[in-house]
Amino acid sequence: MIIHYGKPQNFQTAIPPLRKPDLSWARSNMEKTNHFAQHLAKVFAPHPKNNSNDEMEAYLDIPCQLSPTLIAFSSTQVRQVIKQLNPHKAPGYDLIDGTVLKTLPRKAIVLLTSIFNSMLRLCYFPVQWKHAQIIMIAKPGKPPTEANSYRPINLLSIMSKVFEQILLHRLDETIHIDGLLPIHQFGFRNNHSTIQQCHRVVNKIKESIEGKKICTSVFLDIQQAFDKVWHKWLLHKLKLRFPDHLYLLLKSYLTERYF
């Protein structure tokens, strides 16, 4: 586990001593790193297994049926994604940034496309691209002596990000064709902004008032929603809805990740 703290730019911000659970202080860089590591291990701990999950896990163990191979990516698609990369984004552990990829010749783009298509064919995501470096960023207004006052930012390999962007376009096509997401799902979707969601809520309220109906609403603020995603249940949903090759690739993407 490698943890950097400070800002992911060319300079770092010193972190003050951190208070440990036994009320002692982590003062040296190594002590702070170990304390952050223990804190993140608790935050990202997997859900405890119970007997009610056996049926779901049995379903995940069922071998997938034979299905047509996914349509291969083209070198043009890869080149377009690379052109859109932000050269100022911090690189992963391999130190390859957007500027390096933008200077690749055509032959290198073709070889990179061949790697991506091999990942599609084998339903395999390389382990080397699943290693993340963590940058600890202080949350504004939070006590700097507490480990939970820092937000972990994962720095992944830029190569994996290029593949993720291309695969995302393929996922969007599947989702739109099959109607897997409802229209009122706005999070992380193109052409679905927060303002549009506010307009939708206001419109629902107006419709209720005009129809002389009772309008009720429930607002939930879920703590660590993305940190606590249950991967087994997520894979269960993916296996139910997605083609087998796509499900197996996403399964490989989600497993054996390290930081």
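Predicted model: local features only at pLDDT ≥ 70, side-chain atom pairs only at ≥ 80, totals over all residues.
Local features need pLDDT of at least 70, side-chain atom pairs count only at pLDDT 80 or more, and totals for chains, interfaces and linings use all residues. Residues are numbered from 1 along each chain as its sequence is written, and side-chain values use heavy atoms, with hydrogens and water left out.

## Nonpolar cores

A nonpolar core is a set of buried Ala, Val, Leu, Ile, Met, Phe, Trp, Tyr and Cys residues joined through side-chain atoms within 4.5 Å. Buried means under 20% relative accessible area, exposed means over 50%, and partly exposed lies in between (1.4 Å probe, protein chains only). Helices (H or I, at least four residues) and strands (E, at least two) are DSSP runs, numbered from the N terminus.

The largest nonpolar core has 31 residues. V78, I82, F116, V162 and F163 touch the most other members. Two or more residues each come from α3 (75-83), α5 (106-122), α6 (158-178), α8 (231-241) and α9 (244-254). Helix α6 gives the largest share, 8 residues.

What does F116 touch, leaving aside its neighbours within four places in sequence? With contact meaning heavy atoms within 4.5 Å, F116 is in contact with F73, V78, W129, M159, V162, F163 and I166.

## Aromatic pairs

Rings of Phe, Tyr and Trp (its six-membered ring) pair if their centres lie within 6.5 Å; planes under 30 degrees apart count as stacked, over 60 as edge-to-face and the rest as tilted. The structure holds 9 such pairs.

One of them joins F116 and F163. The pair is tilted, at 5.3 Å centre to centre and 55 degrees between the planes. F116 sits in helix α5 and F163 in helix α6, 47 residues apart. Both F116 and F163 are buried.

A second example is F125 with Y253. Their ring centres are 5.0 Å apart and their planes stand at 90 degrees, so the pair is edge-to-face. This pair, too, links distant parts of the chain. F125 is in the loop between α5 and β4 (133-138), Y253 is in helix α9, and 128 residues separate them. F125 is buried, with a relative accessible area of 1%. Y253 is partly exposed, at 24%.

F73, F116, F125, W129, F163 and Y253 form one aromatic cluster.

## Two helices

The expected span of a helix is 1.5 Å times one less than its number of residues. Helix α1 (residues 29-43) has 15 residues and should span 21 Å; its end C-alpha atoms are 21 Å apart, which agrees. Its buried residues are K32, T33, H35, F36, A37, L40 and V43. An α-helix has 3.6 residues a turn, so residues three or four places apart point the same way.

Helix α7 (residues 194-210) has 17 residues. It reaches 24 Å from its first C-alpha to its last, close to the 24 Å expected. K212 follows α7.

## Cysteines

A disulfide is a covalent bond between the sulfur atoms of two cysteines. Here a disulfide is a pair of cysteine sulfur atoms within 2.5 Å. The structure holds 0 disulfides.

C198 is in no disulfide either. Its nearest cysteine sulfur, that of C215, is 14 Å away.

## Single residues

E57 is found in helix α2 (residues 54-60). Leaving aside neighbours within four places in sequence, E57 is in contact with K49 and K232. A polar contact of 3.3 Å joins the side chains of E57 and K232. (A polar contact is a pair of N or O atoms within 3.5 Å; within protein, one must be able to donate a hydrogen and the other to accept it, and residues adjacent in sequence count only if both atoms are side-chain atoms.)

L95 is not a glycine, yet has a positive phi of about 65 degrees. L95 lies in the loop between α3 and α4 (98-102). K212 is not a glycine either, and its positive phi is about 55 degrees. K212 lies in the loop between α7 and α8.

| Residue | Relative accessibility | Class |
|---|---|---|
| E57 | 17% | buried |
| C64 | 27% | partly exposed |
| C198 | 43% | partly exposed |
| L95 | 63% | exposed |
| K212 | 79% | exposed |
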